[in-house]
Amino acid sequence: MTALLTRTPGGVGPEPGRTQRPPSDREATLLGKPMPTDRLRALVVTVVLTAIGGFVRLQNLGFPTDKGTPVFDEKHYVPQAWQMLRNGGYEDNYGYELVVHPPLAKQLMAVGEWIFGYNGVGWRFSAAIAGTLIILLTIRIARRLTRSTLLGAIAGILVICDGVLHLQSRMGMLDIFIALFVLAAFGCLLRDRDQVRERLAVAVREGWADESPFGPRLGFRWWRFGAGVLVGLATAVKWSGMYWVLAFGLLCLAFDVAARKAAGVPRPWMGVLRRDLAPALWCIGVISVLVYLSSWWAWFASETATDRHYVEIQNEAAGAFGFVPGALRSLIAYTFNVLDFHESLSTPAGDPHPWESKPWTWPMGLRPMLYYYESGGGTAAGCGESECVRATMLVGTPAMWWLALPVLGWGLWRSVFRSDWRYAAVLVGYFAGLLPWFVNLDRQMYFFYATPLAAFLVLGLTLVLGQLLGRARDGFERRGTGLLAVALYTGLVVANFVWLWPILNGDSITTEHWQSQLWLPSWR
């Protein structure tokens, strides 16, 4: 039970021994369904599933390579991470100036290279750890969304068996890190939502929630602060993290409006503007920017990092921005150069990249990506025949990804017509990673950009499975039928993942087996 709180100059604080009113409808609405009390069982479930997922992610991590060198886009980031390891956290090779993303993910990859060396295990180890942490977070977030340890466990199984998260956890690329930080920020926002409602429930119980037309101050909110730090870290991996800065900022304010309404605050919207807007801008807006800038610490501290002294070398006049330090002006100029690179990265007319895709294909994974392919004998041998294939293809497990559109449609219906905040929150996280890519469709895009969507798809599926399972007060027959449906679907996902295993891990298979893995013409 939440400790009793009382008004203080900084918001609310404990006041032991104050007389409580009987629980009211408003208090019950604010608190909602309580979290499960089976903490030990939930911890065991989380640890066991995370350990299983970690083993799946880490097994044979060093394969495949291109004759000992990185494969696909690893060729960009792995050498840059190695540069950072040698230089102390920054890139400086002007003969290879394709440095077009912030430094954080490459610094994390450098940690693995420091531990294991410049090899497949070294440059993929940090990504595998990030993918394992996503499993842990998904279990805990799903449990909080559904108030069910069983459904949290099912979400863990689904996220282990997703092909996109599995393969991206085994590649020296950036996207698994942004997926990790975005999901962690989402979890912080959910915990902040519960904490805010607990504090308001105390105010309702003690009878002073509506003394001000704007409602009470809520004190410092560490979970909201944590969300700001985490979306800043996401932006320090790729600039697309900015999409979640905006989306999660709005989601946080929407949670606050709903909480103040539920508490009976006379003017909840104005209360949010007066009490919550400025702190939210600080925690999620300003803090995320400061975290992003701090990720460039090694670049600022260096003398030879890429474009570190850009304004001096180009002899650019400071003009009205003379008060801005030269290092910061160089970073801004560097940023605009990178922005120009991304904007001009358009699909050549009549010569698209063979594995390019557009965002309308991503929800169902209609155009996956081939990362590695080798056929014949040699290292491809091992299938029992003279002609074998080894390949790794980024493909979402169809048993989940092909249900994306129905899940999104159902989630929209539940959000609008049933005011189900859980679906609405998951949709915010999902669409923040999808919709912005429709702004510039001429730009080259690839399916691995959809990596952060995968965990939100799993959460949406888990909410649907929770409805199929039924409520605790439903009859035995209804619950039994629901449990059967959920078990059959979970088994289907696991079987689908097992079927895709060879092309997610580069196992040696026959050419016939390889062809049987390519279910759609767009997969070829």
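Residues are numbered from 1 along each chain as its sequence is written, and side-chain values use heavy atoms, with hydrogens and water left out. Because the model is predicted, local features need pLDDT of at least 70 and side-chain atom pairs count only at pLDDT 80 or more, whereas totals for chains, interfaces and linings use all residues.

**Helix H6**

Helices here are DSSP runs of H or I with at least four residues, numbered from the N terminus. Helix H6 covers residues 149-160, and its 12 residues should span 16 Å at 1.5 Å a residue, which agrees with the 17 Å between its end C-alpha atoms; the expected span is 1.5 Å times one less than the number of residues. Of the 12 residues of H6, 10 are buried, so that the helix is mostly covered, where buried means under 20% relative accessible area, exposed means over 50%, and partly exposed lies in between, with a 1.4 Å probe and protein chains only. Among the buried residues are Leu151, Ile154, Leu158, Val159 and Ile160. What covers the buried residues of H6 includes helix H2 (39-58), helix H5 (120-146), helix H18 (453-469) and helix H19 (476-505), contact being taken as heavy atoms within 4.5 Å.

At the start of H6, a side-chain oxygen of serine 148 comes to within 3.4 Å of the backbone nitrogen of leucine 150. This falls under the definition of a polar contact, a pair of N or O atoms within 3.5 Å in which, within protein, one must be able to donate a hydrogen and the other to accept it, and residues adjacent in sequence count only if both atoms are side-chain atoms.

**Cysteines**

A search of the whole structure finds 1 disulfide, defined as a pair of cysteine sulfur atoms within 2.5 Å. Cysteine 383 and cysteine 388 form this bond, with an S to S distance of 2.0 Å, and both cysteine 383 and cysteine 388 are buried. The torsion about their S-S bond is about -80°, so the disulfide is left-handed. By contrast, the sulfur of cysteine 252 lies 8.2 Å from the closest cysteine sulfur, in cysteine 283, which is too far for a bond.

**Accessibility of single residues**

| Residue | Relative accessible area | Class |
|---|---|---|
| Cysteine 161 | 5% | buried |
| Cysteine 252 | 0% | buried |
| Arginine 147 | 13% | buried |
| Serine 419 | 61% | exposed |

**Backbone features**

Most residues other than glycine have a negative phi, and most peptide bonds are trans. Arginine 147, in the loop between H5 and H6, has a positive phi near 60°. Serine 419, in the loop between helix H16 (404-417) and helix H17 (421-432), likewise has a positive phi, of about 50°. A cis peptide bond with omega of about 0° joins phenylalanine 63 and proline 64, and proline 64 is placed in the loop between H2 and H3.

**The second largest pocket**

The second largest pocket has a volume of about 790 Å³ and is lined by 38 residues, of which His101, His342, Trp437, Arg443 and Tyr449 lie nearest its centre. Two or more lining residues come from each of helix H3 (74-87), helix H8 (175-206), helix H10 (241-262) and helix H14 (326-343), and H14 gives the largest share, 4 residues. On a 1 Å grid over the protein atoms alone, a pocket is an open set of points where a 1.4 Å probe fits, with protein on both sides within 12 Å along at least five of seven lines, and lining residues have an atom within 4 Å of a point; the volume is the space filled by probe spheres set on the points, which are joined across faces, edges and corners.
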